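Open your viewer and load the model below. We will go from the whole chain to a few side chains.

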Amino acid sequence: MFTPTRLTLARKRRGLTLVRLAQRSGISARSLSAYENGHQQPTVEALAALASTLEFPDAFLQAEDIEEVPVEAISFRARSKRTAAQKDAARSAGRIAIAINDWVETRFRLPEPDVPSLPNLDPETAAQVVRARWGLGHRPISNMVHLLEAHGVRVYALVADCADIDAFSLYWRATPFLFLNLAKSGERGRFDAAHELGHLVMHGEEAAAAGPQAEAAANRFAAAFLMPAADILARSLHEATSERILRAKQVWKVSAMALAHRLHEMQLLSDWAYRTACVDLARRGYRSGEPGGIPRENSQLLSKVFKALRAEHIRQTDIARPNCT
């Protein structure tokens with residue numbers, strides 16, 4: 001049996017409108033709409049044409065019904081700069097990752113979610129509370145991805161064709177998910193992970209996470225979480241030069257610009273010293289990248305899962321079978 005929701009998911013995953021899919025598949029937009037609305041069943045030939053055009057196996061379009069991630073469940077950064085197709089593709093990719101996670105959870109015991117909900121706290125305090133709850137003290141975080149996974153956050157990478165999306169997070173059936181863009185430097189990937197943790201903590205399932213205010217709050221949370229004030233103050237960074245910032249950023253594994261902004265935010269850099277440092281860092285290439293930066297952090301949990309599956313002669317392609325996803 002053909003499953004309408006599967007066709008919708010596959011189409012959006014490829015970033016296609018009904019009209020574009022009609023042009024590529026040779027099937028009218030009216031028929032496609034009828035398929036997706038469940039008003040008409042595609043012929044065997046039409047189903048094969050759709051699967052071929054969308055680059056999904058026929059069986060994917062005939063597997064069990066699949067619920068979309070609601071649009072309002074995700075807050076994309078720079079929302080106005082992202083097209084509906086880009087957001088749909090990322091949202092659908094996330095839904096497929098959730099299905100893969102469901103498959104994994106039927107076979108492995110994963111850490112229980114332990115992300116506090118703190119919608120009424122300011123970002124600095126919220127970051128301190130999470131650090132205290134997770135027993136981190138004021139010390140630098142060695143690996144953000146491993147830390148998140150240890151506390152029950154399911155961390156996945158955004159695929160290459162979703163490179164226009166920075167990162168996003170959501171709760172699905174009370175489980176927190178976080179999706180990261182691998183095109184960024186390791187330092188910026190860590191900040192993105194902390195930023196999305198801020199959304200999960202402060203905006204969670206109850207509070208609205210959309211808009212500039214929510215994004216600014218998540219940024220402040222990330223800065224406070226990665227660079228706790230007590231540790232910053234203990235390292236004598238008052239009026240630090242760009243050279244000092246470049247050395248110090250290695251302690252917290254953050255970008256040079258992020259550390260400069262944190263020092264200015266904490267009033268350890270005057271306006272003049274902050275502008276001077278930013279100009280010099282930009283001249284050295286630190287505004288658009290992180291020269292000589294750290295490697296990207298990888299999932300420890302998924303590495304262990306795939307290692308165990310290989311031992312049982314189960315391949316990654318086996319997980320992608322429609323009866324799994």
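Start with contacts, meaning heavy atoms within 4.5 Å. Among contacts in the protein chain with a separation of 6 or more, 69% join residues 24 or more positions apart. This is a predicted model: local features need pLDDT of at least 70, side-chain atom pairs count only at pLDDT 80 or more, and totals for chains, interfaces and linings use all residues. Residues are numbered from 1 along each chain as its sequence is written, and side-chain values use heavy atoms, with hydrogens and water left out.

Next, switch to cartoon. The protein chain shows 15 helices and 3 strands (DSSP runs: H or I of at least four residues for helices, E of at least two for strands). The radius of gyration, taken over C-alpha atoms, is 22 Å, close to the 20 Å that the globule rule gives for 325 residues, so the protein chain is as compact as a globular protein of that length. That rule is 2.2 Å times the number of residues to the power 0.38.

Now look inside. Of the 325 residues, 50% count as buried, meaning under 20% relative accessible area with a 1.4 Å probe, protein chains only.

Select F225 and I245. Which core do they belong to? They sit in the largest nonpolar core, of 56 residues, and touch the most other members. Such a core is a set of buried Ala, Val, Leu, Ile, Met, Phe, Trp, Tyr and Cys residues joined through side-chain atoms within 4.5 Å.
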